[in-house]
Amino acid sequence: MKLRNKLFALLLCGVVGFGSVTITQAQTVNLPAEVELNLKDFATISELANKYPTQYYTLVNSDEKRIRRVEFLKGPLVVDGEVTVDLPADIIKALRFFDDIRMSGEGSANTKITIVNPKGETMDWKGGSYGSGTKTTRYLKTNTLANTTIGLDNPLLVVDDNGEPIYEGYKMVLKGNAVINEMVLYAEQGVINEYDITAWTVIGEDKPTLDVTVDVDITKNLSIEGEIKLDEDKFKRLHIGSGPISSFDMNKNTSTVDKTNSIPMSKYGFYPGRGTIRFGPHLEDIKAGQAPKLTADEEREGYTDYAYLEKLTVFDQDIVDKTNRLFPFTGDDYVMTFNDWPSWMLNDSNVDLSAGTPAVKHFDAAAELAAETMRLLDQKYADEGPKYVEVKNESSLTNEWEYHKTEPDKAWDYLADFHNQVADAVKAVDETVLVGGPSTASMGIEAGDFNKARTIMKFMDDTKGHLDFYSHHFYESETVVLNDTGSNNVGYTDGRLEAIFSLFENHMYLTDNEKPIVITEQGTLYEGDADRDYWIKLKNYNTYMMTFMNMTDTVEMMVPYLYGVKNWLPNSKDTLYLYANANTALKNPTPMMNYLDLWDEYAGAFVPVKSNQYRVDTNAVLQGNKLYVAVNNMNPNRVNINLDIDTGDAKIVDVTRKHTYLELGELVHEEIPVEDITNVPMRVEETSIFEITLDKAPEFEETVYRKTYYGDKTLVPTSTTPVTFNLECDTEDLTAANLRINIASDTSGFKEDMVINVNGYRVLVDLGHTDQPGRIYTYVDVVVPAEYVKAENEIKITLPANHGYIANVEMTNDYAAAAPVSEDVLELATETAIAMWTRDRIAEVPTSGSNKEAYDGLILAIEYAKDVCEFTLATEKEITKASEALARMVELAERTLIAK
């Protein structure tokens with residue numbers, strides 16, 4: 001669709017109430033035709049309340065009142081075969097701004113629903129349902145319309161001869177047997193009162209530009225509790241189906257899906273991170289005429305007959321070869337998540353069969369299935385089955401763990417017991433496998449006086465000694481500018497993520513149960529293929545990358561919810577590639593590939609870096625004569641960056657930066673030269689990677705060893721009386737200390753100042769920036785002079801508010817240490833030489849097929865090993881990774897590419 005552009009300046013305008021548009025002073029605006037139409041139609045929403053029964057939703061902790069529910073059809077409507085409903089034009093105009101259409105009544109879940117547009121074109125709309133009998137509710141999600149041409153999501157696709165949208169004449173055809181009580185438009189949190197056109201402006205031009213200094217010191221190595229280099233394998237990950245190649249597929253040829261998983265690895269260094277096995281629907285369902293798949297054990301109630309799995313997991317050298325040539329570095333290093341347990345494990349009156357939650361009495365059978373699956377995958381992949389097991393996907397959600405609904409008081413106890421049984425069973429088969437959970441979703445853990453936090457921490461206590469890691473999911477909202485809404489940010493990118501991690505780490509410290517955290521999903525659950533849509537997803541992925549990299553001592557692995565393609569959702573737009581046709585060929589990459597490109601070359605040893613501005617996060621690494629500095633601006637303001645770099649005796653010879661941004665509705669991804677590193681403009685919520693080339697590779701003079709210590713208590717209510725925390729830390733060679741106080745409120749921010757006293761060092765902290773409506777969970781950092789830090793510290797905090805918590809305190813200290821020493825790479829150099837000799841013995845370089853894949857894999861392994869040998873600072877993990885990849889690919893080349 002061609003979008004006509006208008007470029008004009010709009011002055012202050014906007015009307016309070018439903019359907020208004022707010023534009024701040026002198027913003028330049030570039031509105032496509034579709035957006036102009038959205039503005040016009042959005043303004044009609046307020047009129048619905050004058051015509052239809054309407055219910056409202058008031059945002060928690062604020063006075064904002066939103067339209068939530070509009071009833072446009074009142075039953076009973078009897079469906080006995082087929083019924084056609086005319087959809088009113090005003091409902092069609094408003095529909096795309098609501099979450100879904102809902103209809104209630106007996107039989108509604110089983111009706112077939114078809115939309116017919118004024119041109120006679122049709123679309124089947126499946127949706128979902130909940131409840132039973134007369135209380136059944138069928139829902140049709142409007143976000144699934146993004147990939148359709150029916151006109152409901154974009155009225156410009158259905159126009160008259162004059163090019164005007166047609167709203168009259170839409171029909172809904174219902175087939176089946178049902179009694180429909182009502183049909184409504186519904187939005188869970190209500191429809192926003194203002195249509196956001198920020199994406200089509202010059203974002204931040206209405207606010208002052210902030211001057212920011214970023215200090216970098218490349219004469220020192222930064223060791224974050226022993227991690228001296230960025231572990232790329234932790235952070236450069238992607239989602240995969242049920243494994244690097246499909247776990248239950250014996251196809252020896254490379255599929256389209258295989259290619260979309262392997263190309264990001266070979267071109268950008270992003271590796272398979274997490275796959276999922278869904279036992280129930282995926283492995284049970286069979287088409288007419290096909291042989292049975294996964295079935296129950298007829299001799300043991302609740303248990304599984306493994307014949308089907310055994311058939312698909314026999315050792316086959318060709319399958320192992322395919323895996324190794326496509327993923328020479330992966331081996332067993334990825335997460336496998338289990339979900340949707342088979343139907344024969346669900347025969348419990350308290351469990352809805354559709355949820356895939358095993359009955360308590362069949363936990364042992366489910367644990368055996370998990371363990372046997374791991375044994376068989378290990379067999380299939382020659383002792384390189386997945387290293388990590390996540391017991392159950394998003395088990396904190398009601399629709400994923402049915403007991404949250406049926407037995408809420410026992411649900412988490414059952415969940416802990418289930419995790420323990422699965423962990424014990426898997427480890428009995430292979431004690432090297434790392435098992436974890438609970439794959440928590442919806443991480444607003446401070447709500448309701450930290451009830452969810454307390455629940456998760458009890459789960460950690462109840463699984464102590466069984467689980468090896470804890471896993472969580474974080475999804476950011478689809479707001480264009482997260483910190484400019486007039487309310488506290490309810491997402492995770494304004495301190496909440498760090499505060500959550502700190503609380504969990506503090507609890508693990510206090511309970512002697514210190515385990516790493518694995519992020520098995522993160523990003524933004526948001527479809528759409530406009531530049532604005534891709535920008536929202538890209539900026540949030542980049543922000544999460546920055547945040548998690550700076551917590552590398554805690555994070556074991558971080559996997560964005562980003563796939564090459566989704567073969568089960570072939571029209572999905574939030575993937576790296578789009579299908580050109582049904583699951584067989586690919587179009588060009590989507591803009592999501594910009595995420596991989598931005599971080600492609602970012603690697604090396606950590607060096608100290610910091611900014612002097614709130615909400616400007618930084619990270620820096622040094623690799624040979626290349627310094628990479630990552631800067632992320634989460635302010636609603638634009639910033640000018642001054643890179644102040646201590647280069648020692650090295651000199652800067654070239655600077656470029658790679659960045660992605662949105663301006664006037666257009667997405668830009670570019671790499672450009674930087675002429676003046678003291679004045680680099682950055683846009684709102686932009687992440688920039690600066691590549692600074694030096695005239696030589698510097699040698700570190702010393703190490704800054706950074707370690708975090710935690711206080712003796714958590715979740716203390718705020719009070720006019722000082723709260724005392726005790727914290728122990730090392731003091732020898734201490735050079736700097738930063739005290740972090742994590743604060744929260746379930747109602748609003750804080751008007752009051754916070755007084756902090758650390759061993760007599762007093763600081764008054766203004767919390768005015770939090771004084772907004774909406775719950776808040778964030779942190780405040782206070783630099784404590786090193787001379788005030790003791791081995792045993794008394795920290796007194798006064799926050800005279802009656803509605804908040806001091807969640808916990810931590811102190812991150814820097815210590816002077818000797819410069820790091822590189823590991824010996826002599827043996828790896830020898831292995832590399834042998835691999836190069838193997839390469840040179842290949843008579844003819846293959847140009848297609850599996851032989852080309854094997855050759856390309858060998859070249860990748862050689863190039864990486866050569867790089868490691870040339871690193872100024874090589875780690876044992878890098879050497880092992882290179883050595884194992886060389887061994888795989890040399891063996892494969894000797895056997896398949898060199899004539900005998």
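Cysteine 729 is buried, its relative accessible area being 7%; here buried means under 20% relative accessible area, exposed over 50%, and partly exposed in between, with a 1.4 Å probe and protein chains only. Cysteine 869 counts as partly exposed because its relative accessibility is 24%. A disulfide is a covalent bond between the sulfur atoms of two cysteines. Where a disulfide is defined as a pair of cysteine sulfur atoms within 2.5 Å, the count comes to 0.

The model is predicted: local features need pLDDT of at least 70 and side-chain atom pairs count only at pLDDT 80 or more, while totals for chains, interfaces and linings use all residues. Residues are numbered from 1 along each chain as its sequence is written, and side-chain values use heavy atoms, with hydrogens and water left out.

**Parallel sheet**

An open sheet is formed by 8 strands in the order β13-β14-β17-β18-β19-β20-β21-β22, with parallel pairing. Helices (H or I, at least four residues) and strands (E, at least two) are DSSP runs numbered from the N terminus, and two strands pair if DSSP finds at least two bridges between them. At the edges stand β13 (237–239) and β22 (555–558); each has a single partner strand, so one side of each lacks a neighbour in the sheet. On average, neighbouring strands of this sheet are turned by 25° against each other, direction ignored. Helix α14 (residues 531–549) packs on the sheet and touches β20 (469–475), β21 (517–523) and β22, its direction making about 165° with that of β21. Contact means heavy atoms within 4.5 Å; axes are lines fitted to C-alpha atoms, for helices over the stretch in contact, and angles run from 0 to 180 degrees between N-to-C directions.

Within this sheet, strand β17 (residues 335–339) is largely enclosed by the rest of the structure, because 5 of its 5 residues are buried. Val335, Thr337 and Asn339 point one way from β17, while Met336 and Phe338 point the other way. Strand β14 (residues 271–278) pairs with β17 in the parallel sense over 5 bridges, and arginine 274 stands opposite valine 335. Strand β18 (residues 388–390) also runs parallel to β17 and is joined to it by 3 bridges; here valine 335 stands opposite tyrosine 388.

**Mixed sheet**

Another open sheet has 4 strands in the order β26-β11-β29-β32, and its pairing is mixed. Its edge strands, β26 (609–611) and β32 (680–682), each pair on one side only. The twist from one strand to the next averages 25°. Strand β11 (residues 210–217) pairs with β29 in the parallel sense over 8 bridges, and aspartate 211 stands opposite asparagine 640 in β29.

**Salt bridges**

The structure holds 59 salt bridges, a salt bridge being a side-chain nitrogen of Lys or Arg within 4 Å of a carboxyl oxygen of Asp or Glu. The table lists some of these pairs.

| Aspartate 41 | Arginine 96 | 2.8 Å |

Aspartate 649 is exposed at a relative accessible area of 55%, whereas lysine 696 is partly exposed at 36%. A network of salt bridges that share partners joins Asp100, Arg102 and Lys141.

Aspartate 41 and arginine 96 form a salt bridge with an N to O distance of 2.8 Å. This pair links distant parts of the chain, 55 residues apart: aspartate 41 belongs to helix α1 (residues 33–42), and arginine 96 to the loop between α3 (89–95) and β5 (100–104). Both aspartate 41 and arginine 96 are buried.
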